[in-house]
Amino acid sequence: MTVHPSLQTYADAWTHSIEAISELVQPLVEGEWNRATPCPAWSVRDIVSHVIGMECEMLGDPRPIHTLPRDLYHVRSEFARYMEMQVDVRRHHTAPEMTSELEYTIIRRNRQIRNENRAPDTMVRAPLGAEQTLELAYRMRAFDVWLHEQDLRAALNKPGNLDSPGAFVARDNFLTVLPKVVAKDAGAPPNSAVVFDVSGPVEFLRTVRVDAEGHGTIDGAPSLGPAATLALDWETYVRLAAGRVRPAAVADRVKIEGDAELAAAILDAFAVTP
């Protein structure tokens, strides 16, 4: 069986990114696994542990039975606690243990994807005991591994793949939540529009329109009189939307026209990953 067409894009993007991760970490010496990444509180080892753990959950493996230390101050929510379990259980694994487990997990997941015959709307396990559709699960794995590939590239000073298949999955994911960020979180006024002009490897122009009731929608048509326009490069957009950097740290890379107060409120609410 071939994977369902609506899953194929995500399967391809996932494959591209996870193989890139594997190539990045294969030659690392022991010390490099401890390098800090832009992902708050996580090292290179932690990122790879997280990726392994999430793929094992896609495979249906049981979660590790493990007690988290009390001094993990970055773990402030149930979701963070859930995610940290797969990370902390591998904190003392050696470089060869990490790379061999990653390789074995990729082989198993590739086989699972190759033999995938479930419908995209099949309900599967999601974090915290919830359920999600298989299509959403595939999309979130493609998004997650691309984002963490970028974290590893930043930590190891090996930039690249900002326009790979996973980048376009990430773009669509970020754009889905943009109307809520502008209309609800930043409180853009009714009957207003905000334009995002993004340049670089992934280029797009989107307008978020807020109707009389304060609901936001998004489209690709320019606005004649936007309340604010934010122009920035794709890499900066990703770092802000993924919560990898605060707006003040990249102020020189974001050009704002129009209502500066509204633009600042939007940038403050821009981080949308947990």
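Tyr237 counts as buried at 1% relative accessibility, where buried means under 20% relative accessible area, exposed over 50% and partly exposed in between, computed with a 1.4 Å probe on protein chains only. The model is a predicted one, in which local features need pLDDT of at least 70 and side-chain atom pairs count only at pLDDT 80 or more, while totals for chains, interfaces and linings use all residues. Residues are numbered from 1 along each chain as its sequence is written, and side-chain values use heavy atoms, with hydrogens and water left out.

The rings of Tyr237 and Phe270 have centres 5.0 Å apart and planes at 80°, so this pair is edge-to-face; rings of Phe, Tyr and Trp (its six-membered ring) pair if their centres lie within 6.5 Å, and planes under 30 degrees apart count as stacked, over 60 as edge-to-face and the rest as tilted. Because Tyr237 lies in helix H7 and Phe270 in the segment after helix H8 (260-268), the pair ties together parts that are 33 residues apart in sequence; helices here are DSSP runs of H or I with at least four residues, numbered from the N terminus.

By this rule the count comes to eight aromatic pairs. Another of them joins Phe174 and Tyr237, with Phe174 in helix H6 (residues 165-185) and Tyr237 in helix H7 (residues 234-241), so that parts 63 residues apart in sequence are tied together. Phe174 is itself buried, at a relative accessible area of 3%.

| Ring pair | Centre to centre | Angle between planes | Class |
|---|---|---|---|
| Tyr237 and Phe270 | 5.0 Å | 80° | edge-to-face |
| Phe174 and Tyr237 | 6.2 Å | 55° | tilted |

Ring pairs link Phe143, Trp146, Phe174, Phe196, Phe204, Trp234, Tyr237 and Phe270 into a cluster. Trp234, leaving aside neighbours within four places in sequence, is in contact with residues including Trp146, Phe174 and Phe204, contact being heavy atoms within 4.5 Å.

Trp234, Tyr237 and Ile266 touch the most other members of the largest nonpolar core, which has 76 residues; such a core is a set of buried Ala, Val, Leu, Ile, Met, Phe, Trp, Tyr and Cys residues joined through side-chain atoms within 4.5 Å. Helix H5 (residues 134-156) gives the most to this core, with eleven residues.

Turning to the cysteines, the count of disulfides, defined as pairs of cysteine sulfur atoms within 2.5 Å, comes to zero. Cys39 is in no disulfide, and the nearest cysteine sulfur, that of Cys56, is 18 Å away. Cys39 counts as buried at 8% relative accessibility, and Cys56 counts as buried at 9%.

Technical notes
Helices (H or I, at least four residues) and strands (E, at least two) are DSSP runs, numbered from the N terminus.
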